[in-house]
Amino acid sequence: MVQIDRLFSEVELRSGEFSFDENVARVFDDMISRSIPLYADVQRSVPVLSDLLDHEPLKVVDLGCSTGTSLIHLARSLPGRNLELIGIDNSTAMLDKCREKLVALKLQDQIKTLQADICRFEFSQASVVLMNYTLQFVDVELRSQILQRICESIRSGGFLLVSEKVAHEQPAMDEALVELYFEFKRRQGYSELEISRKRDALENVLVPLTIQGNLELFYAAGFERVEVLLKWFNFATFVCYPN
Ligand SMILES: C[S@@+](CC[C@H](N)C(=O)[O-])C[C@H]1O[C@@H](n2cnc3c(N)ncnc32)[C@H](O)[C@@H]1O
C-alpha cells in the first residue's frame, strides 16, 4: 500500500541533509508522484518509446531506479517482448523497498536490481538507458564522464531517456518558475512548512542545470542527436541518441 508523504511535516532536516534513507523510501512513491509535474506521463512514455526498438532482447537499464516504478511499468506494458530489465541504485533503503514491491508483484525474477554508484559503475551494453531525476543528484563535475560512459554503452539504434529538474539562466525567470512549481506542490496538498523544509533539505543536494547546460553535456558526451521530449516550467525530459 502506498504511504502518504507527510515526511516534512514530521521532520526538519538541516540544509543539504536530504538523503534517500528509510524515511524517504517508505513514502517515496507518493512523494515523487506529488512532487514531479508530469511524472506519470514520463512513466507512460517509457514502454511506448522502448517498444519502438526491435532489439532482441530489449535490454533496459534504469539508473537511479528507486522503487522500480519504471521497470515495473515496462514489464507490465510489454508482456510479449523479450525483456532484460536491470535497476541500479546506490541507496539500500530504496532498493529494499523496490525488492519488496517486486516480490509482491511476482516480478522479482524478471527485474534484476543492483546496488551500485553510477559514478563508478561499468555499464554493459543496453538498448535503452533510463535516468529519470537521478543525474541532478550527482556532483556536477562527474556528470559528463557518466554521460560519456552511458553513450558508449548504448546499442546501435538505442537511446538514453533522461529527466531533470532544470534551472533558468535569468534569475527573475528562475524565481518565477520556482514559484509556479511551489504552486503545483500546494495543489498537491503540501503545506508551506513542508515545501520550505524540503527545499532547505535539498539545498546543494539536488543541483539543476539549465536546459542549455544539459544539452551541452549530452553533446559533449558523444550523443549525436538530442530531443526535448517533454517540458514543464522547471522540469524537462530529453531523449539522447548516440547515433
Ligand atoms: C528521484 S529518484 C529517481 C526516481 C526514479 N528514476 C523514478 O523515475 O521513479 C533518484 C534516485 O537516484 C538514486 N541515486 C542518486 N545518486 C546515485 C548514484 N550516484 N548512483 C546510483 N543511484 C543514485 C537515489 O538513491 C534515488 O533512488
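Pro57 sits in the loop between H3 and strand S1 (58-63). Helices (H or I, at least four residues) and strands (E, at least two) are DSSP runs, numbered from the N terminus. The model is a predicted one, so local features need pLDDT of at least 70 and side-chain atom pairs count only at pLDDT 80 or more, while totals for chains, interfaces and linings use all residues. Residue numbers start from 1 along each chain as its sequence is written.

Two other loops hold a residue with a positive phi. Ser66, in the loop between S1 and H4, has a phi of about 55° although it is not a glycine. Ser66 counts as buried because it has 23 C-beta neighbours inside 10 Å; the cut-off for buried is 20 or more other C-beta atoms within 10 Å of the residue's own, exposed is 12 or fewer, partly exposed is in between, and the C-beta atoms are placed from the backbone. Phe233 turns up in the loop between S7 and S8, and its phi is positive too, near 35°, in a residue other than glycine. With 18 C-beta neighbours inside 10 Å, Phe233 counts as partly exposed.

Next come the helix pairs. Two packed helices are described by the angle between their axes and the distance between the axes. Helix H3 (residues 39-50) packs on helix H4 (residues 69-77) at an angle of about 50°, with the axes 9 Å apart. Here axes are lines fitted to C-alpha atoms, for helices over the stretch in contact, and angles run from 0 to 180 degrees between N-to-C directions. That angle makes H3 oblique to H4 (under 35 degrees is roughly parallel, over 145 roughly antiparallel, 65 to 115 roughly perpendicular, and the rest oblique). Gln43, Val46, Pro47 and Ser50 of H3 make the contact with Thr69, Ser70, His73, Leu74 and Ser77 of H4, where contact means C-beta atoms, placed from the backbone, within 7 Å. Sorted by class, this contact has 3 nonpolar, 6 polar and no charged residues (Ala, Val, Leu, Ile, Met, Phe, Trp, Tyr, Cys and Pro are nonpolar, Asp, Glu, Lys and Arg charged, and the others, Gly among them, polar).

For helix H2 (residues 22-35) and helix H5 (residues 92-104), the axes come within 8 Å and cross at roughly 40°, so H2 and H5 are oblique to each other. Glu22, Ala25 and Phe28 in H2 meet Ala93, Met94, Asp96 and Lys97 in H5. By class, that gives 4 nonpolar, no polar and 3 charged residues.

In helix H9 (residues 211-220), the buried residues are Asn214, Leu217 and Phe218. Seen down the axis of H9, they fall within an arc of 100°, so they line one face of the helix; the arc is that of the directions from the helix axis to the C-beta atoms. Gln212 and Ala220, on the other side of H9, are exposed. The buried residues pack against several elements, including helix H6 (140-153) and strand S5 (154-167). After H9 comes Gly222, with a positive phi near 115°.

Finally, Ala201 lies in helix H8 (residues 192-201) and, with 21 C-beta neighbours inside 10 Å, counts as buried. Ala201 and Glu12 are 189 residues apart along the chain, yet their C-alpha atoms are separated by 8.1 Å. Leaving out residues up to four places away in sequence, Ala201 touches Leu13, Glu17 and Phe18.

How values were computed:
Two residues are in contact if their C-beta atoms, placed from the backbone, lie within 7 Å.
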